[in-house]
Amino acid sequence: LLLRAGFESSVLKEPDGQKRAEKADYYRDLTALDLCRHALVLDGCSVPVGRDEMIRAALSTQTLPTILGAVYNKSVMRGYTSVEPTWVKWCNIGSASDFKTITRVRLTGAGDLEKIPNGSDLPLGSNIEEKEQYKLSTYGKRDRFGRQDIINDDLGVLTRVAERYGRRTQLTISRLVYAHLLANEAMDDGVALFHASHHNLNTSTALSRENVAKAIAVFRKQKDKDNQVINVVPRFLLAPVDLEDLALQICTSELIVIAGDTDKIVGNKNPLMNKLAVVSDPLLSDTTLTGYSATSWYLTASPAEADTIEVGFLNGRQTPTINVIPKSTDMYVEFEGYIDVGVKSLDWRTLQKNNA
């Protein structure tokens with residue numbers, strides 16, 4: 001079935017894959033009805049004469065649902081990995097062991113280091129604590145492969161639906177991330193993520209080379225709760241696809257070309273070249289999301305250097321869980337797929353929004 005579903009390369013990568021593929025190729029032309037017959041034989045059951053009776057008996061075995069479940073799971077993962085999410089570049093990834101409230105604490109050192117007279121003890125330091133909280137939720141669906149699909153020998157129903165579910169799972173995570181970013185919800189201090197008092201909301205700043213340079217300067221001046229400069233440098237420029245071309249010109253061009261009366265200075269180097277990596281996603285201007293904009297753009301720190309937005313998974317599992325569901329009917333085999341995930345911004349100082 002894996003060979004029929006187009007997973008030959010996956011089979012070959014596994015231990016003894018070449019040998020297994022060669023043996024499996026002998027059975028590649030089996031129909032779904034043939035598979036039912038073989039499943040009954042493998043389980044040591046008698047094969048009924050009638051077609052419907054054979055299908056019902058095969059769906060009641062352990063072998064047939066297990067085989068179909070393996071193909072379904074492979075198809076889900078192919079769909080899941082076919083989408084390259086943009087959020088993984090600029091978000092933190094977290095793990096939780098349950099669905100209780102997750103508390104992420106930031107400790108900020110209070111006070112500067114002090115000059116110590118000879119023979120004196122070091123003064124005792126202190127910490128100022130900040131926190132953000134969120135919970136994980138479960139997202140999933142169920143699918144069926146039943147009697148009619150077996151009679152029609154339509155394996156594509158199983159694989160295509162599973163692939164679409166895998167893609168949808170990946171897209172759901174992305175949607176959660178960008179919906180959270182755009183919604184501009186309140187942080188633990190009661191103030192919106194992007195707000196003038198957080199010094200991370202710039203207005204009348206349409207995307208341009210000059211405005212990006214100014215935004216970087218504002219970003220680098222952010223201070224911690226104890227009024228110390230955090231000295232975190234922005235690494236990513238988030239832009240809707242509407243601004244992607246302009247963002248790439250600003251961040252990757254080697255030269256600044258100025259036309260008009262001042263064209264005599266054509267050839268100046270672009271100091272912003274390669275300072276920021278451009279991350280473009282259509283969800284930033286998706287009209288179904290609250291707060292969408294085709295003209296707003298963002299700066300973010302690197303998740304390797306500071307806390308930005310955390311995407312948390314149950315026990316760190318970033319892929320969907322697929323199960324074959326026990327059922328009371330013998331007319332179909334049913335699968336369930338789900339993923340446990342939550343999203344929360346952890347620090348406003350490492351995120352900046354710029355409105356045109």
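## A tour of the sheet and its neighbours

Start with the open sheet: 5 strands in the order 5-14-10-6-9, with mixed pairing. Strand 5 (201-202) and strand 9 (277-280) stand at the edges with a single partner strand each, so one side of each has no neighbour in the sheet. Strands here are DSSP runs of E with at least two residues, helices are runs of H or I with at least four, and both are numbered from the N terminus. Two strands pair if DSSP finds at least two bridges between them.

Before you go on, note that this is a predicted model: local features need pLDDT of at least 70 and side-chain atom pairs pLDDT 80 or more, while totals for chains, interfaces and linings use all residues. Residues are numbered from 1 along each chain as its sequence is written, and side-chain values use heavy atoms, without hydrogens and water.

**Select residues 297-300.** This is strand 10, where Trp297 and Leu299 point one way and Tyr298 and Thr300 the other. In a regular strand, side chains alternate between the two faces of the sheet.

Strand 14 (residues 351-354) pairs with strand 10 in the antiparallel sense over 4 bridges, and Tyr298 stands opposite Lys353. Strand 6 (residues 236-239) also runs antiparallel to strand 10, joined by 3 bridges; here Leu237 has Leu299 as its bridge partner.

**Move on to strand 9.** Strand 6 and strand 9 run parallel, joined by 4 bridges. Leu237 stands opposite Val278 in strand 9.

**Now show residues 209-220.** Helix 8 packs on the sheet and touches strand 5, strand 6, strand 10 and strand 14. Contact means heavy atoms within 4.5 Å.

**Next, select residues 63-81 and 155-183.** These are helix 5 and helix 7, whose axes come within 7 Å and cross at roughly 40°. Axes are lines fitted to C-alpha atoms, for helices over the stretch in contact, and angles run from 0 to 180 degrees between N-to-C directions. The two helices are therefore oblique to each other; angles under 35 degrees count as roughly parallel, over 145 as roughly antiparallel, 65 to 115 as roughly perpendicular and the rest as oblique.

**Finish at Ser95.** Which strand holds Ser95? Ser95 is found in strand 1 (residues 92-96) and is partly exposed, with a relative accessible area of 41%.

Technical notes
Buried means under 20% relative accessible area, exposed over 50%, partly exposed in between (1.4 Å probe, protein chains only).
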